[in-house]
Amino acid sequence: MIAPDVFGRLKAAVITAVKTSGGKEGAAATVDKSPSLTGSWRNPNDTAVPRVDDAFALDQVAVVMGHRPPILSAYAAELGHVVIPVPEERPQDSDINAALIDASAEFGDIATEIREATRDHKVCARDRDRIAVQIDEAMASLARLRLVVNAIAKGE
């Protein structure tokens with residue numbers, strides 16, 4: 001049995017996914033299910049959640065819209081992991097310096113956000129979310145750097 005607090009966080013991610021998909025009607029169209037079922041998924045007082053294939057489809061909508069996949073991200077977080085998108089661009093050998101500079105700049109953005117967040121000597125939820133965005137951007141830039149290094153090593 002899953003712990004109630006963990007289930008609550010996963011349910012919150014499902015609710016976000018349903019909203020991102022256009023509410024219960026949009027989610028129903030996405031997964032080819034009834035709006036009453038997808039409505040139960042977005043109801044915080046209902047224990048219904050989508051099956052894996054439906055969760056995948058809802059997360060795909062979020063990704064296409066330029067968002068993080070909420071359900072996958074929540075599962076990963078509960079298991080102590082993070083979701084980092086794989087860069088789509090094909091790197092060139094000369095990109096290694098640019099990729100390193102980009103990653104370094106992202107670390108500076110984290111420091112700036114933390115400095116701003118702690119000016120009042122407390123970090124609220126909004127501050128935490130802004131810091132998390134900067135951390136996510138830094139991790140994505142490190143993934144791009146890894147892609148460049150791997151391409152160089154393979155001679156691509």
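**View 1. Packing of helix α2 against helix α3 in the predicted model.** The axes of α2 and helix α3 (residues 35-42) come within 8 Å of each other and cross at roughly 120 degrees, where axes are lines fitted to C-alpha atoms, for helices over the stretch in contact, and angles run from 0 to 180 degrees between N-to-C directions. Helices are DSSP runs of H or I with at least four residues, numbered from the N terminus. G23, K24, E25, A27, A28 and V31 of α2 meet P35, T38, G39, W41 and R42 of α3, contact meaning heavy atoms within 4.5 Å.

This is a predicted model, in which local features need pLDDT of at least 70 and side-chain atom pairs count only at pLDDT 80 or more, while totals for chains, interfaces and linings use all residues. Residues are numbered from 1 along each chain as its sequence is written, and side-chain values use heavy atoms, with hydrogens and water left out.

**View 2. Packing of helix α2 against helix α4.** Helix α2 (residues 23-31) and helix α4 (residues 52-64) pack at an angle of about 115 degrees, their axes lying 9 Å apart. On the α2 side the contact is made by A27, T30 and V31, and on the α4 side by D54, A57, L58 and V61.

**View 3. The largest nonpolar core.** This core, a set of buried Ala, Val, Leu, Ile, Met, Phe, Trp, Tyr and Cys residues joined through side-chain atoms within 4.5 Å, has 10 residues in all, namely V14, A17, V18, A27, V31, W41, A55, A57, L58 and I71; buried means under 20% relative accessible area (1.4 Å probe, protein chains only). Helices α1 (4-20), α2 and α4 each supply at least two of its residues.

Conventions. Buried means under 20% relative accessible area, exposed over 50%, partly exposed in between (1.4 Å probe, protein chains only).
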